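Please read the sequence and the model below side by side, and keep both in view while the paragraphs lead from one region to the next.

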Amino acid sequence: MEGVHDDVGGEFRGRELASLESDAHESDYVNSELDDTTDAQASRGQDIQGIPWDRLSITREKYRQTRLEQYKNYENIPHSGEGTGKDCNITEKGSLYYEFQCNTRSVKPTILHFQLRNLLWATSKHDVYFMSHFSVIHWSSLSCEASEVLNVSGHVTPSEKHPGSLLEGFTQTQVSSLAVKDKLLVAGGFQGELICKHLDQPGVSFCSRTTDDDNAITNAIEIYDNPSGAAHFTASSNDCGVRDFDMETFQLSKHFRFPWPANHTSLSPDGKLLVIVGDNPDGMLVDSETGKTVTPLCGHLDFSFASAWHPDGVTFATGNQDKTCRVWDVRNLSKSVAVLKGNLGAIRSIRYTSDGQYMMMAEPADFVHVYDVKSGYEKEQEIDFFGEISGISFSPDTESLFIGVWDRTYASLLEYGRQKCVA
């Protein structure tokens, strides 16, 4: 991925909903700035984000068209988004798998680096964790209360002693990646920092720096249970390394090096294979024990930043700056079995429901797509809103879907609930 000094947040410039903000009198927002939107209000026609279209000189439809025409997708390989059209699946839009429940504007998910969008995780249908500036925030949709679980703006030191832990800790950590699973939290930083915390215990358990390399950004964190049931996490780094840690001892168990920066890594459900994607159009499927390449993944036209396995362990998906998500089958990796196209930008985050029924992919802004896997990805629900996306997550029980929206005025947390009966 692009280095810190290349352009942190540069992709955002001019992308906030500034034209909407300036199109109405400031007083219009004084009372509505923090107003949440409920499902009942949305069913009566209110905008889910609270945007007062009736007081603006532009309609929602016209503004949507303007965004589609003017949004500039970031590409490392020029014109990559223009070369994928002929391969893409034609999908049937209009399905409703997850129904709008609430938009909460009192919480403000944020983004630090424009290419890294895995900053939101749900641990239950009521509990979600996300970055908000220097804080990790827990939001309970049951109590409608937010609480800070970790603040890295000051000096953070570990309260436990483990070999390799930096007892002096870190100061003002810029968190580029986050993962939360069960009661475990891992935050990765711009300078290779790793901060590990047990959510049911006070303080921080472990602090480490993965590398002294100048190009040390932690691009992605994934927490998983290995086949024996032990909790581990992988850290994908801009120094071309993928590191695996045991979360009981916080010791490094594996360290693989690749020819290019690793932007995202996903472990197969059986723990045998790793999908590695990064600063190369071709991804890799590698042996999780040795790190040796099983096969390259050829088809994307730009750099990739997202990957996810279907729970069946047979198929997995990769997301790329060429505006596509490709679905692969391990039984035949000569080509992808589906190519799903975004509307305006890179596919920066991918998630499957734990039952394998649905796959969700997020663009950098405005659109989240939910596909019916059993239809062969031919049917989709398109969630349409305005704002940059900090992260997406299904709850482990599949009942809830959360979207973090970053914007100067309309930052919020969108919550959707799974439909009981889908036609």
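The structure is a predicted model, in which local features need pLDDT of at least 70 and side-chain atom pairs count only at pLDDT 80 or more, while totals for chains, interfaces and linings use all residues. Residues are numbered from 1 along each chain as its sequence is written, and side-chain values use heavy atoms, with hydrogens and water left out.

A pocket is here an open set of points on a 1 Å grid over the protein atoms alone, where a 1.4 Å probe fits and where protein lies on both sides within 12 Å along at least five of seven lines; lining residues have an atom within 4 Å of a point. The largest pocket holds about 980 Å³ of space, a volume taken as the space filled by probe spheres set on points that are joined across faces, edges and corners. Its lining is made up of 35 residues, and those nearest the centre are Trp121, Lys181, Glu222, Ile223 and Tyr352. Strands are DSSP runs (E, at least two residues), numbered from the N terminus, and those that each supply at least two residues of this lining are β4 (120-122), β10 (175-181), β14 (218-225), β18 (262-267), β22 (304-309), β26 (349-352) and β29 (379-394). The largest share, four residues, comes from β14. By residue class the lining of the largest pocket divides into 17 nonpolar, 13 polar and five charged residues, where Ala, Val, Leu, Ile, Met, Phe, Trp, Tyr, Cys and Pro count as nonpolar, Asp, Glu, Lys and Arg as charged, and the others, Gly among them, as polar.

Leaving aside neighbours within four places in sequence, Met247 is in contact (heavy atoms within 4.5 Å) with Leu184, Val186, Cys196, Ile223, Ala231, His232 and Phe233.

As for accessibility, Cys102 counts as buried at 18%, and Cys144 counts as exposed at 53%.

Turning to the backbone, most residues other than glycine have a negative phi. Gln172, although not a glycine, has a positive phi of about 50°; Gln172 is found in the loop between β9 (170-171) and β10 and is exposed, with a relative accessible area of 51%. Asp366 likewise has a positive phi, near 75°, but Asp366 is found in strand β28 (residues 365-372) and counts as buried at 0% relative accessibility.

Some single residues relate sequence to space. Gly94, in the loop between β2 (92-93) and β3 (98-104), is exposed at 70% relative accessible area, and Gly94 and Glu380, 286 residues apart in sequence, are 6.7 Å apart in space, C-alpha to C-alpha. Thr123, in the loop between β4 and β5, counts as partly exposed at 22%; leaving aside neighbours within four places in sequence, Thr123 is in contact with Tyr129, Val180, Asp182 and Pro396. The C-alpha atoms of Thr123 and Asn89, 34 residues apart along the chain, are separated by 32 Å. Arg209, in strand β13, is partly exposed at 34% and, not counting residues up to four places away in sequence, touches Leu166, Phe170, Gln191, Gly192 and Glu193.

Note on methods
Buried means under 20% relative accessible area, exposed over 50%, partly exposed in between (1.4 Å probe, protein chains only).
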